[in-house]
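Good morning, and thank you for coming. Please look at the sequence and the model while I go through them.

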Amino acid sequence: MNIAEEAVGKTLLPLDKAVAQLPYVDLSAEDVVRISHGLTVQHTAEGTFSSGDHVRLRDQHGDLVAIGTFIAADQSLHPKVVFAPHEK
């Protein structure tokens with residue numbers, strides 16, 4: 001590893017750490033596919049989130065898939081920014 005590569009590794013944060021202030025939801029494999037295609041998924045927040053809250057949406061391994069918005073009216077999560085398409 002050269003000095004430039006080493007410096008980048010010290011400077012850049014993983015996406016999930018960069019938005020660690022946001023609450024997160026770990027999604028099922030099926031919901032990861034839906035979210036990665038920009039589709040809304042159902043989520044019963046049970047008072048955890050307020051409508052309009054931004055939420056980190058993670059896969060079963062804890063990897064950040066998207067940042068979404070909680071919609072209280074229908075208890076759903078809608079992706080706003082999808083970071084990587086889901087691949088099988």
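This is a predicted model: local features need pLDDT of at least 70, side-chain atom pairs count only at pLDDT 80 or more; totals for chains, interfaces and linings use all residues.

Which residues form a nonpolar patch on the surface? They are Leu15, Val81 and Phe83, and together they have about 240 Å² of accessible area. Phenylalanine 83 is located in the segment after β5, and with a relative accessibility of 33% this residue counts as partly exposed.

The protein chain contains 3 helices and 5 strands, and along the sequence they follow the pattern α-α-β-α-β-β-β-β. The chain has 88 residues, of which 31% count as buried. Its accessible surface amounts to about 5800 Å², and carbon and sulfur atoms account for 54% of that area. Among contacts with a separation of 6 or more, 53% are between residues 24 or more positions apart.

Let me turn to the interior. In soluble globular proteins, nonpolar side chains tend to be buried together. In this model, the largest nonpolar core has 12 residues, among them Val25, Leu27, Phe49, Ala66 and Leu77. Three elements, α3 (29-36), β3 (54-58) and β4 (64-71), each supply at least two residues of this core. The largest share, 3 residues, comes from β4.

Which of its residues are buried? They are Asp31, Val32, Ile35 and Ser36. These four residues lie on the same side of α3, because they cover an arc of only 135° around the axis. The cover over the buried residues of α3 includes β2 (41-42), β3, β4 and β5 (76-82). After the helix comes glycine 38, which has a positive phi, near 80°.

Why does aspartate 31 count as buried? Its relative accessible area is 18%, and the cut-off for buried is under 20%. Between aspartate 31 and leucine 57 there are 9.7 Å in space, C-alpha to C-alpha, although the two are 26 residues apart in sequence.

My last topic is the salt bridges. Side chains of opposite charge can pair when their charged atoms come close. How many salt bridges does the count come to? The count is 3.

In one of them, arginine 56 pairs with aspartate 16, and the closest N and O atoms are 2.9 Å apart. Since arginine 56 belongs to strand β3 and aspartate 16 to helix α2 (residues 15-18), this pair ties together parts of the chain that are 40 residues apart in sequence. Arginine 56 is buried, at 7% relative accessible area, and aspartate 16 counts as buried too, at 18%.

Aspartate 16 also forms a salt bridge with arginine 58, where the closest N and O atoms are 3.5 Å apart. This pair again links distant parts of the chain, with arginine 58 in strand β3 and aspartate 16 in helix α2, 42 residues apart. Arginine 58 is buried, with a relative accessible area of 12%.

Arginine 58 meets aspartate 26 in a further salt bridge, at 2.9 Å from N to O. Here strand β1 (residues 24-26), which holds aspartate 26, is linked to strand β3, which holds arginine 58, and the two residues are 32 apart. Aspartate 26 counts as partly exposed, at 44% relative accessibility. Through shared partners, the salt bridges join Asp16, Asp26, Arg56 and Arg58 into one network.

Note on methods
Residues are numbered from 1 along each chain as its sequence is written. Side-chain values use heavy atoms; hydrogens and water are left out. A nonpolar core is a set of buried Ala, Val, Leu, Ile, Met, Phe, Trp, Tyr and Cys residues joined through side-chain atoms within 4.5 Å. Buried means under 20% relative accessible area, exposed over 50%, partly exposed in between (1.4 Å probe, protein chains only). The arc is that of the directions from the helix axis to the C-beta atoms. Contact means heavy atoms within 4.5 Å. Patches are made of residues with over 30% relative accessible area and no salt bridge: like charges are joined within 9 Å, nonpolar side chains (Val, Leu, Ile, Met, Phe, Trp, Tyr) within 5 Å. Accessible areas come from the Shrake-Rupley method with a 1.4 Å probe; for residues, only the protein chains shown count as cover. A salt bridge is a side-chain nitrogen of Lys or Arg within 4 Å of a carboxyl oxygen of Asp or Glu.
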